Amino acid sequence: MKFLIGLHINPTVLDALTDEEKMALGAGHGAFVEALKESGELIITQALADPSQAAVVSVRNGQPAVTDGPFLEAKEYLGGFYLIDCESKERAIELAARIPDAAIEGLGVEVRPVMFSDGTLEA
Amino acid sequence: MITAAVEDLLRELAPQVLGGLVLRHGQFEGCEDAVQEEAAAAAAVQWTAEGVPDSPRGWLMTVASRRLIDQVRSDRARRERESAIAAEAPPQDVPGTDDTLVLLFLCCHPTLTAASQTALTLRAVGGLTTAEIARAFLVPEATMAARISRAKQRIKAAGSTFSLPAGADREERLRVVLHVLYLIFNEGYTASSGRELDRPDLAREAIRLARMVRAQLPEDGEVTGLLALMLLTHARREARTTTAGDLVPLDEQDRTRWDRALIEEGTELAKASLAGPALGPYQLQAAIAATHADAATAGETNWPQVHAAYLILERIAPNPMVTLNRAVALAETAGPRAGLALLATLDGDERMAGHHRLLSVRAHLLEKAGDTAGAYEHYRRAAKSTASLAEQRYLESRASRLRP
């Protein structure tokens, strides 16, 4: 079963982390990626650039318009994701709990089942 | 271009040769590479160009043994094993096909997850390439390669001997093997998303493997029952979706599109499987599928018989899904209210909480009972709860028929 683990980050919370905490966060993700690769459960993971880099595209009366993002004015933004393929929802939750963000107040780790896949998977 | 005949022959022989090789030398991982990566690949080229040799199995065994020796030679750390293997003359042929069964037992080792068991079975016994298996499960090849490699390591670490387990252990392991074949079949049958045309036909592969197991264990009722269940389910394949890919429920399927040959074979096997002393879940499910296959129209279905089979199934293998299916049969024999009352007993079951099947069956029975508003509400909730796009479209279309 495929799941997308969304990492909802709060830039204020991230900024408030000490250098050591930031290092530990990065190392935690590194170890998580390695473990998932080895178990054959990782499809892909990607981290997104800062929300200030987002562009919102809309088309009205056939005319495209681009405005500065992000689309949602919120405290938390999608910072990145893991796309995994594992045995069950229970296993996906077990894996999500190993992501260092899950242990930090103000950061959100969200597990969602994938409903449809298409496109090249050799990323 | 490799001919289909050569490909079929290779996929039949490669696991037998692999089984024989592991039996002689141990080292599942090395043998697997030697057979699948090297010998089978060489055979595909050479046999297609020059024709199939007189003893194709002996040919494969000889080439694979040589490759294994080469591998061991090139591996300095394993130098000490070289003389032992090299001293053994490559066998002219390997005995019987029992080895394929032993190999299947090894791939379905209980220390592996179901995902790893299915992947390894398709690779080592089914002879599919890692790329093909990856496509079948819609994951990248690297992901599947890691999963298979991890599975091989686990088997090695478990120190499993290459032999058929005995007694009760054997029974239990055989259940795992059958479950893995069932999972492979289901994955093929419920192919859920895009690029279906690229996906290897897992349902057919599962049927091929089930036939192979049955050839080895013709007396086992559950083996025969599983094969029958697969054939009877596969027979409906053409009728269960529209050309646009929409699901067609059993009672609305065009039964003239069911595959009669598969139904005949499946029905015979289902009957044969019931003749044995013990009765298992696959035999009962096959009996239910055979009852449906026997009805020329949905209205002619022998529902009391279906209900009785689910009742027995519920006793020997209690499971909320079985109760759910029995509720559908009960609704047909005793009316939708009786079915709904049975469904109510599942409400406290954690395994079923918010499950889309419970919601959709309840919607269906409410609709039959004339509660349009309730049915609409439950179809909508069921549509939100499923992770299958085809099922969601179907449930939404049912809901929109009842829109208040």
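1. B:Gln36 counts as buried because 22 C-beta neighbours lie inside 10 Å. The cut-offs are 20 or more other C-beta atoms within 10 Å of a residue's own for buried, 12 or fewer for exposed, and partly exposed in between, with C-beta atoms placed from the backbone. The residue belongs to helix H2 (residues 28–50) of chain B. Leaving aside neighbours within four places in sequence, B:Gln36 is in contact with B:Ala14 and B:Gly127; contact means that the C-beta atoms of two residues, placed from the backbone, lie within 7 Å. B:Val17 is 19 residues from B:Gln36 in sequence and 9.8 Å away in space, C-alpha to C-alpha.

2. On provenance: this is a predicted model, in which local features need pLDDT of at least 70 and side-chain atom pairs count only at pLDDT 80 or more, while totals for chains, interfaces and linings use all residues. Residues are numbered from 1 along each chain as its sequence is written, and chains are lettered from A and ligands numbered from 1 in the order in which they are written.

3. Chain A has three helices and six strands, in the order β-α-α-β-β-β-β-α-β from the N terminus. Helices (H or I, at least four residues) and strands (E, at least two) are DSSP runs, numbered from the N terminus. The C-alpha trace of chain A spans about 50 × 40 × 25 Å along its principal axes. Of its 123 residues, 18% count as buried. Among contacts in chain A between residues at least 6 apart in sequence, 73% join residues at least 24 apart.

4. A:Val13 sits in helix H1 (residues 11–15) of chain A. With 15 other C-beta atoms within 10 Å, A:Val13 is partly exposed. Its contacts, apart from neighbours within four places in sequence, are A:Ile104, A:Gly106 and A:Leu107. A:Gly106 lies 93 residues from A:Val13 in sequence, yet the two are 6.4 Å apart in space, C-alpha to C-alpha.

5. At the interface, 17 residues of chain B are in contact with 16 residues of chain A. On the chain B side, helix H6 (114–125) and helix H8 (141–157) each supply at least two residues. H8(B) gives the most to this side, with six residues. By class, the side of chain B that touches chain A has nine nonpolar, four polar and four charged residues. Here Ala, Val, Leu, Ile, Met, Phe, Trp, Tyr, Cys and Pro count as nonpolar, Asp, Glu, Lys and Arg as charged, and the others, Gly among them, as polar.

6. The domain assignment of chain B gives domain 1 (4–87) and domain 2 (319–404); such bounds come from an automatic or database assignment. The centres of domain 1 and domain 2 of chain B, taken over C-alpha atoms, are separated by 53 Å.

7. The largest nonpolar core has 124 residues, of which A:Ile84, B:Val35, B:Leu60, B:Ala64, B:Leu181, B:Ala206 and B:Leu232 touch the most other members. A nonpolar core is a set of buried Ala, Val, Leu, Ile, Met, Phe, Trp, Tyr and Cys residues joined through C-beta atoms within 7 Å. This core draws at least three residues from each of domain 1 and domain 2 of chain B. Not counting residues up to four places away in sequence, B:Leu232 touches B:Ile263, B:Gly266, B:Ala270, B:Ala286, B:Ala289, B:Ala290 and B:Ala293.

8. Helix H14 (residues 303–316) of chain B has 14 residues and should span 20 Å at 1.5 Å a residue; its end C-alpha atoms are 20 Å apart, which agrees. The expected span is 1.5 Å times one less than the number of residues. In H14(B), the buried residues are B:Val306, B:His307, B:Ala309, B:Tyr310 and B:Leu313. They cover an arc of only 160 degrees around the axis, so they lie on the same side of H14(B); the arc is that of the directions from the helix axis to the C-beta atoms. The buried residues of H14(B) pack against helix H13 (281–294) and helix H15 (320–334) of chain B.

9. B:Gly370, which follows H17(B), has a positive phi, near 90 degrees.
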